[in-house]
Amino acid sequence: MLDNMPRGTICIEDIEIGMSRHLRKVVTDMDIELFAQVSTDRNPVHLDDDYARETIFEGRIAHGMLTAGLISAVIGEQLPGHGTIYLGQSLKFLGPVRPGDMVLAEVTVTDMDIAKRRVKMDCRCTVDGKPVLAGEATVLAPSAKLD
């Protein structure tokens, strides 16, 4: 994984609107197989080349939630980072992610309620500059005053 910032925690007191973090990851066959095992989602469009060739995707694709998990990694590891609690996430899947694709997962702070420690973020994933996922997350950020 290629992160743009070190992993750790950014407390609510230090977060600003417009702050952004990202990571890049190549989605591998092993990632897809492990996600299928953990999630128990063994849809053949993810695992069976012959089956997947006959679908609208004309080949295997990664689970959408595997891609969404990269957004979770940015939020849980970078912004706000360790100690963050997810409150909500909307997602739109805009295109397939295939084995071997390099996914860029990005989050940007769009709104904050410091008193309630709530942070809203725009979330997006792209492959070769093309959108594959878009959404919004609301999280409870850690506080230097409470932790």
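Modeller: What follows goes through the salt bridges, then a helix, then a database record.

This is a predicted model, in which local features need pLDDT of at least 70 and side-chain atom pairs count only at pLDDT 80 or more, while totals for chains, interfaces and linings use all residues. Residues are numbered from 1 along each chain as its sequence is written, and side-chain values use heavy atoms, with hydrogens and water left out.

A salt bridge here is a side-chain nitrogen of Lys or Arg within 4 Å of a carboxyl oxygen of Asp or Glu. Seven salt bridges are counted by this rule.

One of them joins D49 and R60, whose closest N and O atoms are 2.9 Å apart. R60 lies in the loop between α3 (49–53) and α4 (64–77), and D49 lies in helix α3, so this pair ties together parts that are 11 residues apart in sequence. Helices (H or I, at least four residues) and strands (E, at least two) are DSSP runs, numbered from the N terminus. R60 is buried, at a relative accessible area of 14%, whereas D49 is partly exposed at 42%. Buried means under 20% relative accessible area, exposed means over 50%, and partly exposed is in between (1.4 Å probe, protein chains only). D49 and R60 also belong to a network of salt bridges that includes D29.

Another salt bridge links K25 to D31, with 2.6 Å from N to O. K25 has 19% relative accessibility and counts as buried.

A further salt bridge is formed by E106 and R124, at 3.6 Å from N to O. E106 is in strand β4 (residues 102–113) and R124 in strand β5 (residues 118–127), so the pair ties together parts that are 18 residues apart in sequence. R124 is partly exposed, at 23% relative accessibility.

α4 has 14 residues and spans 20 Å from its first C-alpha to its last, close to the 20 Å expected. The expected span is 1.5 Å times one less than the number of residues. The buried residues of α4 are L66, T67, A68, L70, I71, V74 and I75. Among the elements that cover them are α1 (29–39), β2 (20–26), β4 and β5; contact means heavy atoms within 4.5 Å.

Last, the record. An unreviewed UniProt entry carries the annotation "domain: MaoC-like" for residues 24–124. UniProt positions are given in the numbering used here, feature names are shortened, and annotations may be inferred rather than shown by experiment. That span is 34% helix and 31% strand, and its end C-alpha atoms lie 12 Å apart.
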